[in-house]
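User: I want to learn how to read a helix in a protein model. Can we work through one together?

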Amino acid sequence: QNKLEDYIIELIESKNFPCEEVINHYIRKFKFKPHKKLNDKINFIDCVFKSNRYELLDKYVPCLLIHSPQYNIINTCVKFNNVELLKKYIKIKGVNKFQFIENRTPIMIAIENKNIECLDILIQNGVYIDYEPDLNITPLEFFFDIVNDEKYKLNDDTLQEYLQILDRLL
(Lines give C-alpha, C1' and ligand atoms only; values in the text may rest on other atoms or scores of the structure.)
Protein backbone atom coordinates (compact mmCIF):
# COMPACT_ATOMS: atom_id res chain seq x y z
CA GLN A 1 0.00 0.00 0.00
CA ASN A 2 2.81 2.46 0.84
CA LYS A 3 4.48 1.97 -2.55
CA LEU A 4 1.17 2.46 -4.31
CA GLU A 5 0.49 5.64 -2.30
CA ASP A 6 3.97 6.95 -3.15
CA TYR A 7 3.29 6.19 -6.81
CA ILE A 8 -0.05 8.05 -6.68
CA ILE A 9 1.71 11.11 -5.23
CA GLU A 10 4.37 10.90 -7.93
CA LEU A 11 1.78 10.61 -10.70
CA ILE A 12 -0.26 13.54 -9.43
CA GLU A 13 2.82 15.72 -9.03
CA SER A 14 4.27 14.76 -12.43
CA LYS A 15 1.26 16.25 -14.27
CA ASN A 16 2.42 14.44 -17.43
CA PHE A 17 0.75 11.12 -16.92
CA PRO A 18 -2.87 10.15 -16.50
CA CYS A 19 -3.23 8.70 -13.03
CA GLU A 20 -6.87 7.65 -13.04
CA GLU A 21 -6.18 3.93 -13.50
CA VAL A 22 -3.82 3.84 -10.53
CA ILE A 23 -6.18 5.87 -8.35
CA ASN A 24 -9.12 3.65 -9.38
CA HIS A 25 -7.10 0.58 -8.40
CA TYR A 26 -6.25 2.18 -5.05
CA ILE A 27 -9.92 3.04 -4.43
CA ARG A 28 -11.02 -0.52 -5.18
CA LYS A 29 -8.30 -2.13 -3.06
CA PHE A 30 -8.20 0.22 -0.05
CA LYS A 31 -10.59 2.54 1.73
CA PHE A 32 -10.09 5.84 -0.05
CA LYS A 33 -10.26 8.86 2.20
CA PRO A 34 -9.10 11.93 0.27
CA HIS A 35 -8.36 13.90 3.44
CA LYS A 36 -6.12 11.18 4.91
CA LYS A 37 -2.39 11.27 4.22
CA LEU A 38 -0.96 9.09 1.49
CA ASN A 39 1.94 7.16 3.02
CA ASP A 40 2.02 9.64 5.92
CA LYS A 41 3.27 12.39 3.58
CA ILE A 42 0.50 14.49 2.07
CA ASN A 43 -3.23 13.99 1.71
CA PHE A 44 -4.76 13.48 -1.71
CA ILE A 45 -6.52 16.86 -1.76
CA ASP A 46 -3.44 18.86 -0.73
CA CYS A 47 -1.43 16.98 -3.36
CA VAL A 48 -4.03 17.90 -5.99
CA PHE A 49 -3.96 21.57 -4.91
CA LYS A 50 -0.18 21.69 -4.77
CA SER A 51 0.08 20.18 -8.27
CA ASN A 52 -2.81 22.16 -9.81
CA ARG A 53 -4.59 18.95 -10.83
CA TYR A 54 -8.05 20.22 -9.91
CA GLU A 55 -9.78 17.97 -12.43
CA LEU A 56 -9.10 15.13 -9.99
CA LEU A 57 -11.19 16.80 -7.29
CA ASP A 58 -14.45 16.60 -9.25
CA LYS A 59 -13.70 13.05 -10.29
CA TYR A 60 -12.68 11.56 -6.94
CA VAL A 61 -14.16 13.81 -4.31
CA PRO A 62 -17.71 14.63 -5.42
CA CYS A 63 -18.86 17.93 -3.93
CA LEU A 64 -16.02 17.67 -1.41
CA LEU A 65 -18.56 17.25 1.34
CA ILE A 66 -16.14 15.42 3.59
CA HIS A 67 -17.54 14.94 7.06
CA SER A 68 -14.50 14.92 9.26
CA PRO A 69 -13.61 17.07 12.23
CA GLN A 70 -9.99 17.01 11.04
CA TYR A 71 -10.64 18.32 7.53
CA ASN A 72 -12.30 21.28 5.85
CA ILE A 73 -12.00 22.00 2.11
CA ILE A 74 -12.45 25.71 2.80
CA ASN A 75 -9.29 25.70 4.94
CA THR A 76 -7.41 24.01 2.09
CA CYS A 77 -8.60 26.57 -0.47
CA VAL A 78 -7.43 29.38 1.81
CA LYS A 79 -4.13 27.64 2.59
CA PHE A 80 -3.32 27.38 -1.11
CA ASN A 81 -4.79 30.84 -1.83
CA ASN A 82 -7.13 29.45 -4.48
CA VAL A 83 -9.79 32.14 -4.69
CA GLU A 84 -11.87 30.54 -7.44
CA LEU A 85 -12.19 27.19 -5.67
CA LEU A 86 -12.83 28.97 -2.37
CA LYS A 87 -15.83 30.72 -3.94
CA LYS A 88 -17.02 27.48 -5.53
CA TYR A 89 -16.85 25.43 -2.32
CA ILE A 90 -18.38 28.14 -0.18
CA LYS A 91 -21.39 27.94 -2.54
CA ILE A 92 -21.46 24.14 -2.28
CA LYS A 93 -20.58 23.66 1.35
CA GLY A 94 -20.85 26.99 3.13
CA VAL A 95 -18.36 28.09 5.75
CA ASN A 96 -18.08 26.49 9.15
CA LYS A 97 -16.95 29.62 10.96
CA PHE A 98 -15.70 27.79 14.01
CA GLN A 99 -14.19 24.63 12.58
CA PHE A 100 -10.56 24.69 13.41
CA ILE A 101 -7.98 22.27 12.18
CA GLU A 102 -4.54 22.26 13.72
CA ASN A 103 -5.65 25.23 15.86
CA ARG A 104 -6.56 27.34 12.82
CA THR A 105 -9.88 28.55 11.45
CA PRO A 106 -10.18 29.61 7.79
CA ILE A 107 -9.77 33.27 8.74
CA MET A 108 -6.64 32.49 10.75
CA ILE A 109 -5.13 30.63 7.81
CA ALA A 110 -5.84 33.63 5.56
CA ILE A 111 -4.18 35.95 8.08
CA GLU A 112 -1.19 33.67 8.60
CA ASN A 113 -0.58 33.28 4.85
CA LYS A 114 -1.40 36.91 4.06
CA ASN A 115 -4.11 35.77 1.62
CA ILE A 116 -5.98 39.05 1.50
CA GLU A 117 -8.45 38.14 -1.24
CA CYS A 118 -9.39 34.95 0.61
CA LEU A 119 -9.78 37.01 3.79
CA ASP A 120 -12.17 39.35 1.96
CA ILE A 121 -14.24 36.42 0.66
CA LEU A 122 -14.47 34.86 4.12
CA ILE A 123 -15.56 38.14 5.69
CA GLN A 124 -18.14 38.69 2.91
CA ASN A 125 -19.51 35.21 3.66
CA GLY A 126 -20.08 35.90 7.33
CA VAL A 127 -16.95 34.65 9.04
CA TYR A 128 -16.74 36.33 12.41
CA ILE A 129 -13.80 38.63 12.94
CA ASP A 130 -14.70 39.39 16.55
CA TYR A 131 -13.94 36.24 18.53
CA GLU A 132 -12.99 32.60 18.03
CA PRO A 133 -14.76 30.92 20.99
CA ASP A 134 -13.07 27.53 20.75
CA LEU A 135 -9.62 29.10 20.65
CA ASN A 136 -10.17 31.95 23.12
CA ILE A 137 -8.58 34.40 20.71
CA THR A 138 -9.84 37.02 18.31
CA PRO A 139 -8.56 37.12 14.74
CA LEU A 140 -7.06 40.52 15.61
CA GLU A 141 -5.13 39.00 18.53
CA PHE A 142 -4.03 36.16 16.25
CA PHE A 143 -2.88 38.76 13.71
CA PHE A 144 -0.70 40.48 16.31
CA ASP A 145 0.74 37.13 17.39
CA ILE A 146 1.73 36.49 13.76
CA VAL A 147 3.23 39.96 13.32
CA ASN A 148 5.22 39.59 16.54
CA ASP A 149 6.50 36.16 15.47
CA GLU A 150 7.55 37.48 12.09
CA LYS A 151 8.72 40.98 13.03
CA TYR A 152 12.25 40.20 11.86
CA LYS A 153 10.83 39.41 8.41
CA LEU A 154 9.14 42.76 7.89
CA ASN A 155 9.91 44.52 4.64
CA ASP A 156 7.96 47.00 2.54
CA ASP A 157 5.85 44.28 0.87
CA THR A 158 4.91 42.43 4.04
CA LEU A 159 4.25 45.68 5.86
CA GLN A 160 1.74 46.68 3.16
CA GLU A 161 0.08 43.24 3.36
CA TYR A 162 -0.13 43.45 7.15
CA LEU A 163 -1.65 46.93 6.93
CA GLN A 164 -4.30 45.65 4.49
CA ILE A 165 -5.13 42.75 6.82
CA LEU A 166 -5.29 45.06 9.83
CA ASP A 167 -7.64 47.37 7.92
CA ARG A 168 -10.03 44.45 7.31
CA LEU A 169 -9.94 43.27 10.92
CA LEU A 170 -10.70 46.66 12.46
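User: Which backbone nitrogen does a side-chain oxygen of Asn-82 reach at the start of helix 6?

Analyst: First, the ground rules. This is a predicted model, where local features need pLDDT of at least 70, side-chain atom pairs count only at pLDDT 80 or more, and totals for chains, interfaces and linings use all residues. Residues are numbered from 1 along each chain as its sequence is written, and side-chain values use heavy atoms, leaving out hydrogens and water. Helices are DSSP runs of H or I with at least four residues, strands are E runs of at least two, and both are numbered from the N terminus. Here, the Asn-82 oxygen comes to within 3.5 Å of the backbone nitrogen of Glu-84.

User: Which residues of helix 6 are buried?

Analyst: Buried means under 20% relative accessible area, exposed over 50%, partly exposed in between (1.4 Å probe, protein chains only). In helix 6, residues 83-93, the buried ones are Val-83, Leu-85, Leu-86, Tyr-89 and Ile-90.

User: Why are they on the same side of helix 6?

Analyst: The arc is taken from the directions from the helix axis to the C-beta atoms. These residues cover an arc of only 155° around the axis, so they sit on the same side of helix 6. Glu-84 and Lys-91, on the other side, are exposed.

User: What covers the buried residues of helix 6?

Analyst: Look for contacts, meaning heavy atoms within 4.5 Å. The cover includes helix 3 (44-51), helix 4 (55-60), helix 5 (73-79) and helix 8 (116-124).

User: What follows helix 6?

Analyst: Gly-94 does, with a positive phi near 80°.

How values were computed
Polar contact = N/O pair within 3.5 Å; in protein donor to acceptor, adjacent residues only side chain to side chain.
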